[in-house]
Amino acid sequence: MASHVGTTVVSTSTHADVALSLATWMETTNLTLEHRRFPDREAYIRIPEEIQPELIGQDIILVTNTYPDEQIVQSILLLQALEKVIRSHPSKSGTLTIAIPYYGYARQDKQFLPGESISSTTLATHFSMHCDRMAILDVHAKEPFDELDLEVLHPTLIPEISEFFNSGIEIDVVLAPDAGSVERASAAAKLMQVPFTHLTKRRIDAHTVIHEPKELDVEGARVLIIDDMISTGGTIIRATQSLREQGAIEVHAACTHGLFTAGATERLLTSLDSVVASTSLPNPVARIDAGKAIARCLSEAGPPT
Ligand code: R5P
């Protein structure tokens with residue numbers, strides 16, 4: 001009978017903050033793996049010899065993102081190397097969970113046009129060959145993972161976002177900027193005990209589309225927009241303009257994944273009263289602990305079966 005000794009969180013220094021938080025919340029060990037880049041940017045990784053004995057037979061949680069692109073290759077190399085070490089003892093059987101704070105390539109979750117690659121599924125299929133379980137924080141769409149032949153956990157930052165606003169900023173209404181964010185934003189509204197609405201598009205004529213909150217008056221309201229990710233900021237800025245036109249007195253935005261491409265933070269902070277993201281990616285407004293959300297989910301789930 002295989003024995004499971006305990007849980008260890010590992011990562012390279014790139015994801016050290018989330019890994020340390022996760023290990024702290026799970027009250028377990030955190031070890032750092034070696035990584036560097038060759039001059040041509042190819043990845044080199046290594047599990048230092050002195051920590052290899054500590055990993056054998058353990059339930060290992062590897063914290064790693066799939067963004068930017070170079071992290072994808074590095075994650076596959078790390079998984080393959082860890083798999084070999086933890087299963088290297090004949091009588092001790094370890095497990096391997098990949099915990100992904102930000103899963104890049106999630107937005108292509110179906111074939112929109114013939115001939116496209118479903119990038120979300122393609123990446124997950126590669127990872128699933130080298131681990132027992134995946135845990136992905138607030139992934140854009142969960143459906144692609146249903147097809148995989150391994151357990152996939154979906155931790156969410158919603159309790160942490162709610163807690164952040166409940167203990168600091170008065171909010172009257174939570175708003176989802178589009179249909180894809182309704183599930184997450186409405187769950188947050190419920191925890192914050194405030195009304196929820198989402199933006200709908202109303203076509204006025206061939207050239208004009210109005211974005212307006214569905215069946216809710218935001219006149220005089222302090223509104224919090226919740227989305228899974230902010231990239232260019234376009235979605236949030238359009239929603240903010242519409243809310244201001246309809247009389248909202250404050251507009252705040254929260255997301256799990258702050259990509260903030262091409263000066264998005266500056267543009268957002270000019271239009272909004274505040275913007276906050278989690279620590280799933282490094283950015284100037286990363287103030288909500290992604291490690292805590294992943295730890296809650298993994299602690300509830302226990303080791304992979
Ligand atoms: C889209 O479906 C996502 O949930 C986000 O709303 C979107 O990716 C945000 O992108 P941007 O900040 O560029 O508008």
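In what sense do strand E1 and E2 pair, and over how many bridges? Some notes on that and on the rest of the fold follow.

1. Ground rules. This is a predicted model, where local features need pLDDT of at least 70, side-chain atom pairs count only at pLDDT 80 or more, and totals for chains, interfaces and linings use all residues. Residues are numbered from 1 along each chain as its sequence is written, and side-chain values use heavy atoms, with hydrogens and water left out.

2. E1 and E2. Strand E1 (residues 7-11) pairs with E2 in the parallel sense, over four bridges. Strands here are DSSP runs (E, at least two residues), helices likewise (H or I, at least four), both numbered from the N terminus; two strands pair if DSSP finds at least two bridges between them. Ser11 stands opposite Thr32 in E2.

3. The sheet. Six strands make an open sheet with parallel pairing, in the order E2-E1-E5-E6-E7-E8. Strand E2 (29-32) and strand E8 (151-153) are the edges, each pairing on one side only. From one strand to the next, the twist averages 25°. H1 packs on this sheet, touching E1, E2 and strand E5 (59-63), and its direction makes about 170° with that of E1. Contact means heavy atoms within 4.5 Å; axes are lines fitted to C-alpha atoms, for helices over the stretch in contact, and angles run from 0 to 180 degrees between N-to-C directions.

4. The hairpin. Strand E3 (residues 34-37) and strand E4 (residues 43-46) pair in the antiparallel sense over four bridges, with His35 opposite Ile45 in E4. Five residues lie between the two strands of this hairpin, and Arg41 in the turn has a positive phi of about 80°.

5. H1 against H10. Helix H1 (residues 16-25) and helix H10 (residues 290-301) pack at about 45°, their axes 8 Å apart. That makes H1 oblique to H10 (under 35 degrees is roughly parallel, over 145 roughly antiparallel, 65 to 115 roughly perpendicular, the rest oblique). On the H1 side, Val18, Ser21, Leu22 and Trp25 meet Gly291, Lys292, Ile294, Ala295 and Leu298 in H10.

6. Ile72. This residue sits in helix H3 (residues 70-86). Ile72 is buried, at a relative accessible area of 13% (buried is under 20%, exposed over 50%, partly exposed in between; 1.4 Å probe, protein chains only). Leaving aside residues up to four places away in sequence, Ile72 touches Thr66, Tyr105, Leu123 and Phe127.
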